[in-house]
Amino acid sequence: MLAELGLAALWLAAALAALQLGAGMLAITPKGAELAGIVRPLAVVQGVLVALAFAALVSRFAVTDLSVKLVAENSHSAKPMIYKIAGTWGNHEGSMLLWVTIMGLAGGFVALVERRLPERTMLATLGGQAFVSLGFYAFLLLASNPFERLNPVPAEGNGLNPLLQDPGLAFHPPTLYVGYVGLSVAFSFAIGALITREVGPAFARAMRPWVLGAWIFLTLGITAGSYWAYYVLGWGGWWFWDPVENASLMPWLAATALLHSCSVLASRNALRAWTVMLGVVAFSMSMVGTFLVRSGILTSVHAFAVDPKRGSFILALLAINIGAALVLFGLRASTVSEGERFAVTSREGALVFNNVMLSSILGIVLLGTLYPLVTEAMGVKVSVGPPYFTPMSAVFAVPMLVVMAVGPLLRWRRDRLARVRAGLLLPLAASVLAAVLAGLHGGVALMPFIGLTLAPGVVVASLLPLRGRRLRHVPLATWGMVVAHLGIGVALMGMACDSAFSVQRLVAARVGESTMVGPWAVKLAGVAPVAGQNWTALEGDLVASRDGSGPVRLAPQSRTFWAPVQTTSVSALHTVWDGQLYTVLGDEVADDAGDMPTPASDLAHSRWQLRLWWKPFVPLIWAGGALVALGGALALLGRLATDLRRYVARGKIVDRKQRQALARGERA
Amino acid sequence: MKRLVGLVAGVALFGASALANDTMPAAPYAYRQLSDPAKEARAVALMETIRCLVCQSQSIADSDAPIAGDMRSQIRQRIDAGEDPEAIRGWLVQRYGDYVTYAPRVTPVTWPLFAAPLALLVLAALLLRRRFKGGEKAS
């Protein structure tokens, strides 16, 4: 029953979206002006309905209602509750429903709170939002109905891919989706502003919190996804330039560029067309990402179902949305002037440079991700991976990071490098020192060497905008910038240290044997079987000590799930201030004499495959990512507080005027 | 459909080779390192750029799949025998096709991959020049 209610709510939401689109577009014409009143309520109700539909699906997963096809195919009654619920979006239909849910809620939220723009622009914006949602509703209802029933009802479900049975699943997809969908709001704002020709500082100030919000979530989602891959895949890798990772990186790059050009537009009324263009590009990248991930065109743990019909559907959606936006942009671009001018050496100049660099990196990642699909169509299968992406993006990333270090010190409009030269000596010294140290250490490859050199400079430079200022009076948004830039430097340091200094040891250890990995001595103290709710495992008991210091116990597992049957290794990590010890328990090894593995009763006497890494400073990667997100949050708070103060002040002024008018009236 | 056929053929092929391998000693260097750290580093650097043919976008250095283990072992043995990493890459490409290497080569099909960054550089330079030339004049 609940499944049917969910489906009904979804159809209703879709119908309301159609109405919202029609009403929004008519309301900005003189004839349809009386429709204006219903657009905002429509957006709110639509959001509530789609949230109800989502809640209905979650409830089906929570109770493992096997008469729902999606539940039967992707869940299992013996899973822990958290994975039953998170499993709602661990599949194609559910994740698309999550997407439209977040989109509906975001639209409703915009309709409720956003009062800073002219009402006409808001109507066009909400109309645009409805246009985009409508496509996704159609996709869900016509090509991937999550509420489809199954008859006869199976006795048990198929279960969830064990790799996905991780707390990461509860966190990573929703965060990323909030980011993706947040960009749809920016996209709708751009459309609204283009339609009503209102591209200016007010538009940028209204759009900025949305872009910031989306960007914070994208940053968190990518960071969390990277850490999840790092500990779950069991080989110590944290970024693979996998097409699916790229699909999340591309919107992030576009959003980062958009965020910065938004700032220029908000404070200097420059870069108008460029900002609108980036707004369109950023959401287009979200959609390209969705297409890549959801179409099944890529074989990946993320591509839950391979169904060509769905692929073509998303491709058509992509073409319609992006095509329409670009046509609109083409028609209106000539009426949107670029705005105020500025010199090369100025804050704007640095921001423009970095915008162009970010866009170029985006171009590289996009091409490298899509090109294998092109060659495959030509009958040649090629792979594009780290050896391509890393150096090619570094060509643009390195100058970008250098300019990022200098830019925040420059003044708006026009400045001289000579003025800031003295301040730059400090980061330069840090970089030179780091280069010398890395050179003395020796054996560092080119890419990590560049990273090791740049990172300390970026870290020091990111703090310079605070120099000579009373810290309590620094605006929150400036703190945000400082913290986010610091985070970039910190993450870069972590990446460079990991590639330059990681130590790997693969051994076949007998119980009682010790292995050295970096400064750690790791002893295999025992192996014992353990069981969980839907798995059994062999658990290694490792005792690690460093320079004779107090021992640390780690318990990596080789875990076998029974629904579906699959074995995964669960790594055990030990984090200290200067790095991470990463341990994995592998298979039992046949003895030197070629004996078969000993029976299970004799676990203690056989040899076990151990994979050990000492990764100096690797947690800095994710700490940096978290700092970047924190910086975004600070900036967002700062912007919202300013807006709120302005709003309150305006209210007070109106209030005072009214009282004065009243007093005058009484006097008369 | 073509992909599917390829996949089935691939699975059959790997299945056959796995069967053949059952009678031979398992890949000795799949989970064992070379004793010479310099050689091991060279082998790992190569492995990180070789694609696991049955996994989901992973290099053979990040994979538990048996075929990845076989390939790791092959690479370590060949590096130990003094072969040049790029020669080994060539041998792997000859055997499994271009798909196996994450470092695309410049071929009549892949040249746009390498032309694009240059084009982007030129485009970026033009964009910036146009932008700033106007700016200097106006101010």
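Visitor: How are α2(A) and α6(A) set relative to each other?
Guide: This is a predicted model. In it, helix α2 (residues 36-62) of chain A packs on α6(A) at an angle of about 45°, with the axes 10 Å apart. α2(A) and α6(A) are therefore oblique to each other.

Visitor: Left-handed or right-handed crossing for α2(A) and α6(A)?
Guide: Left-handed, as α2(A) passes α6(A).

Visitor: Which residues meet there, α2(A) against α6(A)?
Guide: From α2(A), Ala36(A), Val39(A), Arg40(A) and Ala43(A). They meet Glu119(A), Leu123(A) and Leu126(A) of α6(A). Sorted by class, that contact has 5 nonpolar and 2 charged residues, with no polar ones.

Visitor: And α6(A) with α7(A), at what angle do they cross?
Guide: Roughly 130°, and the axes come within 7 Å. Here α6 covers residues 119-143 of chain A and α7 covers residues 167-196 of chain A. An angle over 145 would count as roughly antiparallel and 65 to 115 as roughly perpendicular; α6(A) and α7(A) are therefore oblique to each other.

Visitor: What about the hand of the α6(A) and α7(A) crossing?
Guide: The crossing of α6(A) and α7(A) is right-handed. On the α6(A) side, the contact residues include Arg120(A), Met122(A), Ala124(A), Gly128(A) and Val132(A). On the α7(A) side, they include Ser184(A), Phe187(A), Phe189(A), Ile191(A), Gly192(A) and Ile195(A).

Visitor: How does the α6(A) with α7(A) contact split by class?
Guide: 9 nonpolar, 8 polar and 1 charged residues.

Visitor: Switching to strands. What is the strand order in the open sheet of chain A?
Guide: The order is β1-β10-β9-β8, 4 strands in all, with antiparallel pairing. β1 (503-510) and β8 (572-576) of chain A are the edge strands, each pairing on one side only. From one strand to the next the twist averages 20°.

Visitor: How many bridges between β9 and β10 of chain A?
Guide: 9 bridges, in the antiparallel sense, between strand β9 (residues 579-589) and strand β10 (residues 607-616) of chain A. One residue to look at is Leu581(A), whose bridge partner in β10(A) is Trp614(A).

Visitor: What do β6(A) and β7(A) form?
Guide: They form a hairpin, with 2 residues between the strands. Strand β6 (residues 557-562) of chain A and strand β7 (residues 565-570) of chain A run antiparallel and are joined by 6 bridges. Within the pair, Arg559(A) stands opposite Thr568(A) of β7(A).

Visitor: Now chain B. How many helices and strands does chain B have?
Guide: 5 helices and 0 strands. Along the sequence, the pattern of chain B reads α-α-α-α-α.

Visitor: What percentage of chain B counts as buried?
Guide: 27% of its 139 residues.

Visitor: And how many of the contacts in chain B join residues at least 24 apart?
Guide: 53%, counting contacts in chain B between residues at least 6 apart in sequence.

Visitor: Last one. How many residues from chain B and chain A go into the contact?
Guide: 35 residues from chain B and 40 residues from chain A. The side of chain B that touches chain A has 17 nonpolar, 11 polar and 7 charged residues.

Terms used:
Residues numbered from 1 in each chain as written. Chains lettered and ligands numbered in written order. Predicted model: local features only at pLDDT ≥ 70, side-chain atom pairs only at ≥ 80, totals over all residues. Axes fitted to C-alpha atoms, helices over the stretch in contact; angles between N-to-C directions. Parallel < 35°, antiparallel > 145°, perpendicular 65-115°, else oblique. Left-handed = near helix turned anticlockwise from the far one by under 90°. Contact = placed C-beta atoms within 7 Å. Nonpolar A, V, L, I, M, F, W, Y, C, P; charged D, E, K, R; others polar. Pairing = 2+ DSSP bridges. Buried ≥ 20, exposed ≤ 12 C-beta atoms within 10 Å, placed from the backbone.
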